[in-house]
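This report describes selected features of one protein model.

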Amino acid sequence: MLSTSLRTGRAGALRASNAGEHVTLGGWVHRSRNLGGIVFLDLRDLDGIVQVSFGTDWASAECIAAAAAVGVESVVVITGAVVPRSENTRNAEMGTGDVEVQGVSLTVVGPAVTPVIPVARGRGEKLAAEELRLRHRYLDLRRADLQANLVLRHKLLQESRRYLSERGFLELETPILTKPTPEGARDYLVPSRVHPGEFYALPQSPQIYKQLFMICGFDRYFQIARCFRDEDLRADRQPEFTQIDIEGSFVTQDDILALAEGLISSIWRVAGVEIPASFPRMTYADAMERFGCDRPDLRYGLEIVDYTPAFRDVAFNITTSVIESGGRVRGIIVPGGAAWSRKQVDEVESLAKAAGAGGLMRLRRLDGKLDGPMAKFLEGNPAFADLVEGSLMLFVAGADRISHPALDRVRQECAKRLELVRDGDRQFVIVTDFPMFDRDPSTGTLAAVHHPFTAPHAADVAAFPDKPEAWRALAYDVVLNGTELGGGSIRTSDPALQSRMFELLGIGDQEEQERRFGFLLEALRAGAPPHGGIAFGFDRIVMLLAGAPSLRDVIAFPKTTAARAMFENAPTHVPAADIADLHIRLKEQP
């Protein structure tokens, strides 16, 4: 199937069953060894490596000389016979280790200079610095582990397409040049040459377009979508990324989540991993209360407990002032943590402070007694009677917006120090009932927790018509081991309610609504079915299934954390004449 006019197949696919065949192979010289009367080349292609030998019993002197002279990473075409290796020369670590090719001809079709970074590495040899590898990505991508990641990426993409297509979803494309409609991060803007002073935007997601497909009657849509966000980068973020985008009509939240569970199970199965057919559900409120995070890692306990009632009548200045101002005292129990040194606990406390807490209060049980600065206030308090010998309690006193992130960070660090995370443990959870809005404590303005097209619970709108901060959204996230895989929502299909949502977000002027979202409102007025969907971060899924440390290891040509493409030196300066053609002028840098 892989034979062409220049080769009979791939070198790395040869097995014992091919012994006796005459083959023509093309690939890269991985290593070479000249043993005097015989020359060995390791020939590499996408399927792996095969050993090729050139000896005086079967190859000409000219052929042996050419093999001895060829440089590493040169591209060659070799012909020869596949023969079994002797018992003592078989290599069990290679797929082709039972055979070798006795070469009778060699042609260099792509001579190579000495590579800037090594492709073939010995055991224990470290990789070159990442920036150097990204600069020479064409060499870096010759590494077997990166090639395996991209092959896995292909297989997962095809499985996603198969799964959704078999369920009646159509793969439909949406525009790349779109209208600027910020969704929480900056748009990448594209100036129009033919419309001076006007701009397109690269899509942060196909959100509005997939809703328009539902209004058009395409009731099951999906797309392997390229998306762009001009935001500050992290290890798990790229300015351009791929997502599996899905939308359906006449669906409820349960319909979308059942589809999502099936898709994720199918994708994981292709990677050789069996997971449960359905995932546990957890409300946002429960996740925040128990774990301090809306993407909880359920591989370990260390759940957060509210100790406010136990401190309510305790004459301890810090907790008293916090409780009187409406805050709470919450904490976790760390088994065996009483043995930690002050320095170790201080290190954990520094993480809590970095997350916004003023500090960590500490309590432990040693020799049957409570120990710590608060012990004299709490000895005999029934809330701490069950604190077992050798345990440590860590508390944060403050408003939930402070204690949530601080205790989440403390919980993660304690689990790491206690080595509670087991390799291969996978704990999925679906988080539901997110708040519809988040109110800024300083300005009082509302912001959409997800996006302004999410539908609220109808019962909440009816019960609290003038208290939108109490509304729950019909939104949901799929989480694995503390990492969000994807999220979505049921959408607002009523144009009047959608207009009301814009008002609550500060877009109350009808003219402004029409200017920014008129095309969506107009389409909704034409009749929209109930609809909803979900989008999965595909790059992140591949990273997790490949066991890669970074998104950059599963993307062919990624950007650095500074949003630069090292291999092509982008972004770059553009000639002044080209800038002028776009009717824009650059601001002089100080």
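Contact here means heavy atoms within 4.5 Å. The model is a predicted one.

## Packing of α4 and α6

Two packed helices are described by the angle between their axes and the distance between the axes. For helix α4 (residues 144–165) and helix α6 (residues 253–270), the axes come within 9 Å and cross at roughly 145°. The crossing of this pair, α4 and α6, is right-handed.

On the α4 side, the contact is made by K155, L156, E159, S160, R162, Y163 and L164, which meet L259, G262, L263, S266, I267 and V270 of α6. Sorted by class, the residues in the contact of α4 with α6 comprise 7 nonpolar, 3 polar and 3 charged.

## Packing of α14 and α15

The crossing of α14 and α15 is right-handed.

Which residues of α14 and α15 meet? From α14 come P495, Q498, S499, F502 and E503, and from α15 come Q510, Q513, F517, L521, L524 and R525. The contact of α14 with α15 has 5 nonpolar, 4 polar and 2 charged residues.

How many cavities of 30 Å³ or more does a search of the whole structure find? The search finds 1 such cavity. The volume of the largest cavity is about 30 Å³.

The residues lining the largest cavity are I117, P118, R121, L127, A128, R133 and R143. By class, this lining holds 4 nonpolar and 3 charged residues, with no polar residues.

## Backbone geometry

Most residues other than glycine have a negative phi, and most peptide bonds are trans. Two sites in the model are described here against that background.

E73 is not a glycine, yet has a positive phi of about 75°. E73 is located in the loop between α1 (61–69) and β4 (75–84).

P571 belongs to the loop between α16 (538–546) and α17 (576–581).

Notes
Residues numbered from 1 in each chain as written. Predicted model: local features only at pLDDT ≥ 70, side-chain atom pairs only at ≥ 80, totals over all residues. Heavy atoms only, no water. Left-handed = near helix turned anticlockwise from the far one by under 90°. Helix = DSSP H or I, 4+ residues; strand = E, 2+ residues; numbered from the N terminus. Nonpolar A, V, L, I, M, F, W, Y, C, P; charged D, E, K, R; others polar. 1 Å grid on protein atoms, 1.4 Å probe; cavity = no way out; pocket = protein on both sides within 12 Å on 5 of 7 lines; lining within 4 Å. Points joined across faces, edges and corners; volume = space filled by probe spheres on them. Axes fitted to C-alpha atoms, helices over the stretch in contact; angles between N-to-C directions.
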